[in-house]
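Let's take a walk through a protein model, ring by ring. Have the sequence and the 3D view ready.

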Amino acid sequence: MNLKSQYALITMTQEIFHSNLPLQLESGEILPEFDLAYTTYGQLNSDKSNVIWVIHALTGDSNASEWWNGLIGEDKFFDPADHFIICANLLGSCYGSTQPFSTDLKTGKPYYYDFPQMTTRDLAEGLERLRIHLKIESIHSLIGGSLGGQVGLEWAYVLGNKLKNAIILASTPKTRPWVIGFNETQRMAIESDCTWGECHEAAGQKGLETARAIAMLTYRHPLDLATKQADSENKLDDYRAASYLRYQGQKLAKRFNALSYWTLSKTMDSHDLGRNRGGLDEALGKIEANVLAIGVNSDLLFLPEESQYISQKVKKGTYKEITSTAGHDAFLIEFEQLSYILKSFYFQQKSS
């Protein structure tokens, strides 16, 4: 192991931040206290100017070097030898942060179906609490895709000049009815599970498998499935596409739970940066950071036009596009293109 690799491994930490202060939610409900699981890589430099804050997507966790391993890690674009990288598990998720199976202080029992409704603004407020706890005065770059990009926009609005760069991938300033409709069909699949409504961690598991299969059709593009899941012309059953979707559903159900999925899909539906802020144009116009909005040309979930809109309405916006047949998930796959886009963006900031 070389010294650089040793350094990166030694400085990776996983911790839990506990907030005793109540969190007032947009719904009017109050979360009396909460936990956020978070992972850090690397160390702060002398002037604390090297903070990279990563925000995960719907079913992600705080270990960003695993699910974004083409972007974060030794000799990758965001290298722990150069950057202090932070990723927190969002509220409502089931990887160490407060979620539906956490204890409700009022009853002394798990929340289960009484877990409060949360918005992307609430999730951003949770991250802001963690930032203050860690005494981080400024963030060099905030980066998130999909739901993570939505939370990132909300937080960028709040951070003001404490944030230098916001990198928003395959996301949107407001969730469209198209996306809400897909999310609702997934929740309907969960509701159809005969165990939904029961109070245990496996409740809705088969429904979650179906929900994930539905979601995969929005994460991929038809050309991607046609290329990677094509069958011979002689087949009459057991198609590769069918097996692929079943596998993806089962894979998620083994590591996630239906209540967290339900909660976070509702959170995505709620996203509207302009709510009570004079509308989207006015809200986007108040973001102080340099904003790089990255779309995917084949994205059927969050259309590239939505990323273009973000770049046009913020004060300092840049739009770039990933070209891929992979669809929405290209922001998690096309590392070479993403690294090139990021390199160009940072070079532009130095030159201006």
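What follows is a look at some aromatic rings and then at one leucine.

This is a predicted model, where local features need pLDDT of at least 70, side-chain atom pairs count only at pLDDT 80 or more, and totals for chains, interfaces and linings use all residues. Residues are numbered from 1 along each chain as its sequence is written, and side-chain values use heavy atoms, with hydrogens and water left out.

A pair of aromatic rings is described by the distance of the centres and the angle of the planes. Rings of Phe, Tyr and Trp (its six-membered ring) pair if their centres lie within 6.5 Å; planes under 30 degrees apart are stacked, over 60 edge-to-face, the rest tilted. There are 14 aromatic pairs here. Take W67 and W68: their ring centres are 5.3 Å apart and their planes meet at 25°, so this pair is stacked. W67 is partly exposed at 21% relative accessibility, while W68, at 0%, is buried (buried is under 20% relative accessible area, exposed over 50%, partly exposed in between, with a 1.4 Å probe and protein chains only).

Now try F256 and Y261, an edge-to-face pair with 6.5 Å between centres and 85° between planes. F256 is buried at 6%, and Y261 is buried at 1%. Elsewhere, F77, F78, F345 and Y346 make up one aromatic cluster.

Finally, find L284, which is buried at 0% relative accessibility. L284 and K313 are 29 residues apart in sequence, yet their C-alpha atoms are 5.8 Å apart in space.
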